[in-house]
Structures are given as structure tokens and as C-alpha cells.
Amino acid sequence: MWKESSGSHSCSLPKHDEWTIHGIWPTQFNHIGPQFCNRSLHFNTSALAPIENELKEKWIDIQKGSKPYSFWRHEWDKHGTCAVTIKDLNSVFKYFHTGLKLLDTYNMIDVLAKANILPGEKYTIDDLLHAVEKILGKRAQVMCTENEETGESYVFEIRICFDKTLQLVDCDGVYDFPTNCNKSKLITYPGHVPHNYQVIQI
């Protein structure tokens, strides 16, 4: 974990108990990538001006102290340049704006809560995988990270998959599907539910 790897590190975290976005990653089955597809497609910071405040809240570079725009630039260079064949992702603005819209549509705190998976509790990996599939109707990928000192395992990312029309599809065939989590351990879903949060069962 970034915070634990050095005493000088500090983290930028969401203002609220919510999920943020890591990126939109074009992917070939059973492979990592493609990546860095077109170095002539330069990252344009001014293109993000209309959505910059929202990006700062929802597409956070958690490594506090990084150069401004460094995380967004990295995501565009590595992944966005490989997504430009898709109309809704074919510019810097569209790539990030679409990411924000997808985050709002598939808000994981809502998705998990509807399956009675709540922050601050521990679950099996099957609980988590089945919860997302139950609510979204598609199989996702759940990634974990482990505290090396305590051995405790945490939910790190939930990855959902889309086809080229940005419709949800099963993540079968994605590298490391369905999880890198230790199936013999309970997994902590960090955080807590806000006092005014309402869980709606469906």
C-alpha cells in the first residue's frame, strides 16, 4: 500500500465514502493491454477544464504530492490512446467524461449495498463476485490487496467490462479473471456506511 511503503507518503482520498475510478482499459482476452498505442496523441490538460473539479473528486490520484495531472496523463497515454477507435472515447475530454458517466451509472457502493454487501464488514470472495453479478447481471473481476504486516486482505478494485458499444459484458477471459484475492481468507470491505445511507434490496 502506498501509505505504508514510506513514512513520507501521504494519500489523497475521496471526501466521502465512495468508490473512485482508476481508468478505462482496452483489453485483449487473456492478455494485459494493449497499452501506449499512439504517442502522437498528446494529453491536453485544457481539454479537461469543464470537468476538472469532478475529476478531482472522482478520478483521484491518491498519491498526494504527485505532479498536477500526472495520473490523468498516465491513464490517457497508457490506455486512452488505445481507446480512440471508439466514438465515445476518441478524445481526451470524451475519455475522461465517459469514465465519469460510467462511474455514476455503476456506482459500486450502491451496487454492493443492494446485495447487502456493506463497508466495514468482511466477506468471502464468492460473496463479492456473486453480489456484483446479482445486481448487474454480468460477471465482474474483484481485486484485492494485502497488508503485509497483519495479513489482512482488502477489496482493492472491482473491475466491470464493456464491449465496444460500452454495454456491460461478462469479464470472462480477462487476465486474472475472476480475482487475485486469496480464496481462503475473508476480505475486508473498507470504510463505513454514512449514517443517512439507505439500503434498497432488489
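Me: Is Cys144 buried or exposed?
Reply: Cys144 is buried in this predicted model. Its relative accessible area is 11%, and the cut-off for buried is under 20%.

Me: Which cysteine does Cys144 bond with?
Reply: Cys144 is joined to Cys181 by a disulfide, with an S to S distance of 2.0 Å. Cys144 lies in strand S2, while Cys181 sits in the loop between strands S5 and S6, so the bond ties together parts that are 37 residues apart in sequence. Cys181 is also buried, at 7% relative accessibility.

Me: Remind me, what is a disulfide?
Reply: Happy to! A disulfide is a covalent bond between the sulfur atoms of two cysteines.

Me: How many disulfides are there here?
Reply: The count comes to three. Besides Cys144 with Cys181, Cys37 is joined to Cys82, and Cys161 pairs with Cys171. Counting bonded cysteines along the chain, the pattern is 1-2, 3-6, 4-5.

Me: Where do Cys37 and Cys82 sit?
Reply: Cys37 is in the loop between helices H1 and H2, and Cys82 is in the loop between H3 and H4, 45 residues apart. Cys37 is partly exposed at 40% relative accessible area, whereas Cys82 is buried at 12%.

Me: And what about Cys161 and Cys171, buried or exposed?
Reply: Cys161 is buried at 14%, and Cys171 is buried too, with a relative accessible area of 0%. The torsion about their S-S bond is about 115 degrees, so this disulfide is right-handed.

Me: New topic, back to S2. What order do the strands of its sheet come in?
Reply: The order is S1-S6-S3-S2, in an open sheet of four strands with mixed pairing. S1 and S2 stand at the edges with a single partner strand each, so one side of each has no neighbour in the sheet.

Me: How many bridges link S2 and S3?
Reply: Six, and the two strands pair in the antiparallel sense. Thr145 stands opposite Tyr154 in S3, and Gln141 stands opposite Arg159. S2 and S3 form a hairpin with six residues between them, and Gly151 in the turn has a positive phi of about 80 degrees.

Me: Last one: which residues of helix H4 are buried?
Reply: Among them are Val92, Tyr95, Phe96 and Leu103. What covers the buried residues of H4 includes helices H2 and H3 and strand S4. H4 itself has 14 residues and reaches 20 Å from its first C-alpha to its last, close to the 20 Å expected.

How values were computed. Residues are numbered from 1 along each chain as its sequence is written. This is a predicted model: local features need pLDDT of at least 70, side-chain atom pairs count only at pLDDT 80 or more; totals for chains, interfaces and linings use all residues. Side-chain values use heavy atoms; hydrogens and water are left out. Two strands pair if DSSP finds at least two bridges between them. The expected span of a helix is 1.5 Å times one less than its number of residues. Buried means under 20% relative accessible area, exposed over 50%, partly exposed in between (1.4 Å probe, protein chains only). Contact means heavy atoms within 4.5 Å. A disulfide is a pair of cysteine sulfur atoms within 2.5 Å.
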